[in-house]
Amino acid sequence: MTQKFTPDPALKTAPEFKSDEYVPLKKEVYVKAGEDMSDKGYQEGTLAGAIRMRMTRDNKRFWAGDNISDYLHDSDKEHLISEATLAFEKVLDALLIDRENDPNSRGTAKRLAKMYFNEVMAGRYEPAPDATAFPNDSTDRYEGMLVVRSELRSMCSHHHQPVAGVAYIGIIAANKLIGLSKYTRIAQWCARRGTLQEELCNDIAREISKATDSENVAVYVQAVHGCCENRGIMAHSSLTQTTVLKGTFKDDPHTKKEFFDNIKLQQEFAPR
Ligand SMILES: [Zn+2]
């Protein structure tokens, strides 16, 4: 006995797909690339999740003070800002802040997301500033010490509070020189992340050494920390000083003294 098939009129209007036809979901979906990877509790399905997965797979460290620009494409930033905006909206909701009716809190989630990616943590997402080097190898080459004062704005990794200060960068000129503004650009690129001041001092010394080919580098940073001023001990005049000395700055007391004498002169010239 056969039964006559009567199509359901409601279903009849649905578009007919062949079973092997590819139908785009019209939204981006990011999936795990390998089966043996542990996601360590990270959310999948977001671009940030996919990037974190790639870094985990490569054993690439992505701490608050690390630069991860190798893992980002230019077009990723806007997408990541959108994802962070949704996440900040959840944070504001959890803090019971009325982001719909409070005119000052409307748009705050987006402002925060943009601020993190484009300003306070920009040094994590942008590649190193281009520091064109000029040869310093003629007979009358400059062999002296160079000390550059760079204003810094950073953020502590622990509390995401502002760190404001100044770095004094000293080098003994090697076979190449970089433009004076590049010292500050490099220092700010290192600072625009979540850092510890000790770590920041090391990062600046390493990057300046890389850009100038000089092994003789010194960095002195003095900064005030929002996490000590705005909260916790509320110490409004606390100042933290850190120094990294490499090569002759470390080994030769005269070079070290000249560096700190130069800093004193700089501070008389422009007290902070
Ligand atoms: Zn802190």
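Which strand gives the most to the lining of the largest cavity? Strand 3 does, with three residues. The model shown in these views is predicted.

**View 1. The largest cavity and its lining.** The search returns one cavity of 30 Å³ or more. Its volume is about 30 Å³. The residues that line the largest cavity are L152, S154, V163, A164, G165, Q197, L200, V221 and A223. Four elements each supply at least two of the lining residues: strand 2, strand 3 (162-172), helix 7 (197-212) and strand 6 (217-225). By class, six lining residues are nonpolar and three are polar. No charged residue takes part in the lining.

**View 2. The zinc site.** Three residues coordinate the zinc ion: C156 through SG, H159 through ND1 and C227 through SG. The distances run from 2.3 to 2.5 Å. Along the sequence the donor residues follow the spacing C-x2-H-x67-C. C156 and C227 link distant parts of the chain, 71 residues apart. C156 sits in strand 2 (residues 145-156), and C227 sits in helix 8 (residues 226-229). C156 has 4% relative accessibility, so this cysteine counts as buried. C227 counts as buried too, because its relative accessibility is 13%.

**View 3. The salt bridge between D93 and R99.** The whole structure holds 13 salt bridges. In one of them, D93 pairs with R99. Their closest N and O atoms are 2.8 Å apart. D93 is partly exposed, with a relative accessible area of 37%. R99 also counts as partly exposed, at 21% relative accessibility. Side chains of opposite charge can pair when their charged atoms come close.

View 4. D203, R206, E207 and K210 are linked in a network of salt bridges. D203 is buried, at a relative accessible area of 8%. R206, in contrast, counts as partly exposed, at 41% relative accessibility.

**View 5. The salt bridge between K264 and D261.** K264 forms a salt bridge with D261. The closest N and O atoms lie 3.9 Å apart. Both residues belong to helix 10 (residues 253-269). They are three residues apart there, so about one helical turn lies between them. D261 is partly exposed, with a relative accessible area of 28%.

Key
Residues numbered from 1 in each chain as written. Predicted model: local features only at pLDDT ≥ 70, side-chain atom pairs only at ≥ 80, totals over all residues. Heavy atoms only, no water. Donors = N, O, S within 2.8 Å, 3.2 Å for Na, K, Ca; no water. Buried < 20%, exposed > 50% of the residue type's maximum accessible area, 1.4 Å probe, protein only. 1 Å grid on protein atoms, 1.4 Å probe; cavity = no way out; pocket = protein on both sides within 12 Å on 5 of 7 lines; lining within 4 Å. Points joined across faces, edges and corners; volume = space filled by probe spheres on them. Nonpolar A, V, L, I, M, F, W, Y, C, P; charged D, E, K, R; others polar. Salt bridge = Lys/Arg side-chain N within 4 Å of Asp/Glu carboxyl O.
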